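Hello,

Here is the structure I said I would pass on. My notes on it follow below.

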Amino acid sequence: MRVLFAVAPLTAHLYPSIPLAWALQSAGHEVRVASNTGLVGQITAAGLTAVDLGERTSPPAPITDGALDRFSDALGFEAGSDFDQLWRATGYYLMAAYSRYHPDEEGRQELADNLVEAARNWQPDLVIWDPACPVGSVAARECGAASARMMWGPDYFGWIRRRLVERMNDPASAVSADTDPLAALLAPVFGRFGHDFSEQLLFGDLTVDPIPSQLPRPDGLRRVPMRWVPYTGAAPVTQWLSQPPSRPRVCLSLGVTGRTVHDGPDTRITAAFEAVADMDIEVVATVNATQLGEDTRVPDNVRIFDYIPLTQVMPTCSAIIHHGGFGTFFAAAAHRVPQMIVMEELGSALSSTRYLEARGAGVALPSDGLTAAQVGGGLSRMLTEPSFRRGAAAVYADLTSVPGPGEIVPVLERMAAQYRTRD
């Protein structure tokens, strides 16, 4: 069969889908991965066929405070509650993800049009799409293919929808179908191709879910559990990395996506460097010049790399300090490495930190006001207390308790045949 992946232009969204694309390709299926021009090189570097969707010629309309407030009001979470905090951390990014595929003032939307045209021309049997690329669902509908979401983190999209439906069914709520903010947000994406908002377009026929069952998820969706197999890019192994470390090695990584969000030096790096300067450890820091800043002093026991695949570093590490993204989280989990999450205001960290602490696999610290003493104290515990290794082993057991990408290929073959509407 033919399988088309549709991915939003973010490395953190592409990488989780690559092992499944490999598995399908290795099983003899034709596979193509569609995304913006900026990801084409990474797709082909992974040995996959890329479909270049181009780039937007004009930026999407900004998300206004008023629009965000109206969405927040419709959700109606109690101020300060866990769900309210999660929405405050993810709301802007969810709205921005959908608005990326809105037409510009002149009615142009190259990304959406190119993806749908590619699907119509190639006629895939299955379209597997990133929830942050909702036009992937439209592409499946337009070519009569089965439609599957591919998660790269917790299902914020399903969680938001379930909350809105609950509110719309509550007579005491001011939310009605006519004021559904999610339907309004997706109307320019679906309506461009003559489709009305629907639950089927929003969620597809099924969801490929690589997040361990121990993390919460919304009910009522057909899911195919899949083991998260870390892929963090390809590069030659450097000679020093092929040698066993002479002292405990700690990795510091704040994510690739975060580089596009944060502008300027990252104060978390300063605190971490101050903490490790006098420790008898080796630190591998995957940070770029902007994150580092001109005035940050780099200790003698720290190696700086703009980028190095975490899958190469993790087998040699005794601990990692990172931002809480799931790509980094599972790259460490796959090698039973205890983790320190220095939580930023993004949704993944809000979920991964609770899971980490519940399993006893690491330490979570807030990024605001982070001090060297906090980092040093937590890191010392992780390197000396055996309980953290046991906790990391428990996370690894969770990770490996579900089928790998190759094992779910037959499931996807059956579902493609079941849900495909094209003869």
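At 29% relative accessibility, glutamine 123 counts as partly exposed (buried means under 20% relative accessible area, exposed over 50%, partly exposed in between, with a 1.4 Å probe and protein chains only). Glutamine 123 sits in the loop between H6 and strand S4 (126–129); helices (H or I, at least four residues) and strands (E, at least two) are DSSP runs, numbered from the N terminus. Its phi is positive, about 60 degrees, although glutamine 123 is not a glycine. Most residues other than glycine have a negative phi.

This is a predicted model, in which local features need pLDDT of at least 70 and side-chain atom pairs count only at pLDDT 80 or more, while totals for chains, interfaces and linings use all residues. Residues are numbered from 1 along each chain as its sequence is written, and side-chain values use heavy atoms, with hydrogens and water left out.

Arginine 336 also has a positive phi, about 55 degrees, and is not a glycine. It is found in the loop between helix H15 (326–333) and strand S12 (339–343), and is partly exposed at a relative accessible area of 38%.

Histidine 29 lies in the loop between helix H2 (18–26) and strand S2 (30–35). It is buried, with a relative accessible area of 13%. Its side chain makes a polar contact with the side chain of glutamate 413 at 2.6 Å (a pair of N or O atoms within 3.5 Å; within protein, one must be able to donate a hydrogen and the other to accept it, and residues adjacent in sequence count only if both atoms are side-chain atoms). Leaving out residues up to four places away in sequence, histidine 29 touches Met1, Leu24, Val409 and Glu413, where contact means heavy atoms within 4.5 Å.

The largest nonpolar core has 52 residues; such a core is a set of buried Ala, Val, Leu, Ile, Met, Phe, Trp, Tyr and Cys residues joined through side-chain atoms within 4.5 Å. Its largest share, seven residues, comes from helix H6 (residues 110–122). Apart from it lies another core of 31 residues, Val409 among them.

There is also an open sheet of six strands, in the order S10-S9-S8-S11-S12-S13, with parallel pairing; two strands pair if DSSP finds at least two bridges between them. Its edge strands are S10 (302–305) and S13 (362–366). Strand S11 (residues 319–322) is joined to S12 by three bridges, and isoleucine 321 has methionine 340 as its bridge partner in S12.

Regards
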